[in-house]
Amino acid sequence: LTATPIPTYEPFDGNFSGYVYYYEDERNKDWEQDVVYIAKMFLVNHPRFQNASHMNYPEWEVTNNTKDAVMYAERAKKVGADYALVVTPYYNKPSKEGIFRHFEAVSKVGIPIIVYNIKGRTGVNIPTDVLVRIAQLPNIAGVKEASGEIAQMMDVIAQIKNKKPDFAVLSGDDNLTLPLLAAGGDGVISVVSNLCPSRMSALVE
């Protein structure tokens, strides 16, 4: 954790962390103990996030099972998380309709959802036309866009954010943070900010 004050908040335990190697009982213990002990690297210049008290990566980062995703979302809601980051099901490469149905099921839990699009690790991209449908579901707060394609991010801004301003478009790649902000995005879920939080915070703000 960094001691540098940053006025925004970060989910914990993403797919670069050791969380993917936990046993289920270890995950349960981690949730109970660490839900309010968060690394601050969620750098977002968006009014929707300014009053969040804490934000957490639910463990469905590492599940491709929709029923498990719903269960983890329910647990995240129970322990008091303000938002949940839900990744596209990996390995089984769902169809467009399958992607939509996955997020539709999780959205019904009642906790605000950030859609996580990371083709390089899931094997499937969320096309903008599908994200348009997902964004219309209840409790969908935004997207962590890690497709690596700035053109796709700009398309998301044009087709979704410009029509729904409270939909946050966040970079999942530190190196694309500035281009995304210039295009009208809202911030980044950052890795580099663990090393230089003040600089990354200044960049976003």
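Which helix does Lys161 lie in? I found Lys161 in helix H6, residues 150-161. I took helices (H or I, at least four residues) and strands (E, at least two) as DSSP runs, numbered from the N terminus.

Ground rules. This is a predicted model, with pLDDT of at least 70 needed for local features and 80 or more for side-chain atom pairs, while totals for chains, interfaces and linings use all residues. Residues are numbered from 1 along each chain as its sequence is written, and side-chain values use heavy atoms, leaving out hydrogens and water.

Entry on Lys161. The side chain of Lys161 makes one with the side chain of Asp186, at 3.0 Å. A polar atom of the Lys161 side chain also lies 3.3 Å from the backbone oxygen of Phe167.

Entry on H5. I listed Thr128, Val130, Leu131, Ile134 and Ala135 as buried in H5. They cover an arc of only 150° around the axis, so they lie on the same side of H5; the arc is that of the directions from the helix axis to the C-beta atoms. I recorded H3, strand S3 (113-117), S4 and H6 among what covers these buried residues, with contact meaning heavy atoms within 4.5 Å.

Entry on Asn139. I found Asn139 in the loop between helix H5 (128-135) and strand S4 (140-145). Its phi is positive, near 75°, and the residue is not a glycine. Asn139 counts as partly exposed because its relative accessibility is 30%.

Entry on Tyr91. This residue is in the loop between strand S2 (84-87) and helix H3 (96-107). I noted a positive phi of about 70° for Tyr91, which is not a glycine. Tyr91 is exposed, at a relative accessible area of 71%.

Entry on H2. At the start of H2, I found a side-chain oxygen of Asn65 within 2.9 Å of the backbone nitrogen of Lys67. The buried residues of H2 include Ala69, Val70 and Tyr72. After H2 comes Gly80, with a positive phi near 100°.

Terms used:
Polar contact = N/O pair within 3.5 Å; in protein donor to acceptor, adjacent residues only side chain to side chain. Buried < 20%, exposed > 50% of the residue type's maximum accessible area, 1.4 Å probe, protein only.
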